[in-house]
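Dear colleague,

Please find below the structure that I am handing over to you. My notes on it follow, and I would be grateful if you read them with the model open.

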Amino acid sequence: MSECPLCKGDNVCAISNGKNPESCWCMNVQIPAQLLECAAYDRETCICQTCVDEWNKKGC
């Protein structure tokens, strides 16, 4: 399991689960630049879809 740096939940990363990167959920969404800037993380681990969806609803 890969951990989302924001909520610490499973980020469901295809790459970390040994799957084709093209099959990852993040290939079909745009991660807002503001979320990446707002999130204090090392950019080595993906943010999960739930956190991206919550951001799109609320913002930083």
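Which residues are buried in α2? They are C51, V52 and W55, where buried means under 20% relative accessible area, exposed over 50% and partly exposed in between, with a 1.4 Å probe and protein chains only. Seen down the axis of α2, these buried residues fall within an arc of 100°, so they line one face of the helix; the arc is that of the directions from the helix axis to the C-beta atoms.

Before the details, a note on conventions. This is a predicted model, in which local features need pLDDT of at least 70 and side-chain atom pairs count only at pLDDT 80 or more, whereas totals for chains, interfaces and linings use all residues. Residues are numbered from 1 along each chain as its sequence is written, and side-chain values use heavy atoms, with hydrogens and water left out.

The chain as a whole

The secondary structure of the chain consists of two helices and zero strands. Helices (H or I, at least four residues) and strands (E, at least two) are DSSP runs, numbered from the N terminus. Of the 60 residues in the chain, 28% count as buried. Among contacts with a separation of 6 or more, 40% are made by residues 24 or more positions apart, a contact being heavy atoms within 4.5 Å.

Helix α2 and its surroundings

The buried residues of α2 pack against α1 (33-38). On the face turned away from the buried side, α2 carries the exposed residues T50, N56 and K57.

C51 lies in helix α2, which spans residues 49-58, and counts as buried at 14% relative accessibility. Leaving aside residues up to four places away in sequence, C51 touches C4, L6, C7 and L35. One of these, C7, is 44 residues from C51 along the chain, yet their C-alpha atoms are separated by 7.3 Å.

The cysteines

How many disulfides does the structure hold? The number is zero, a disulfide being a pair of cysteine sulfur atoms within 2.5 Å. C24 is in no disulfide, and the nearest cysteine sulfur, that of C26, is 3.6 Å away. C24 counts as buried, because its relative accessibility is 4%. For C51, the closest cysteine sulfur is in C48 at 3.6 Å, which is too far for a bond.

With kind regards
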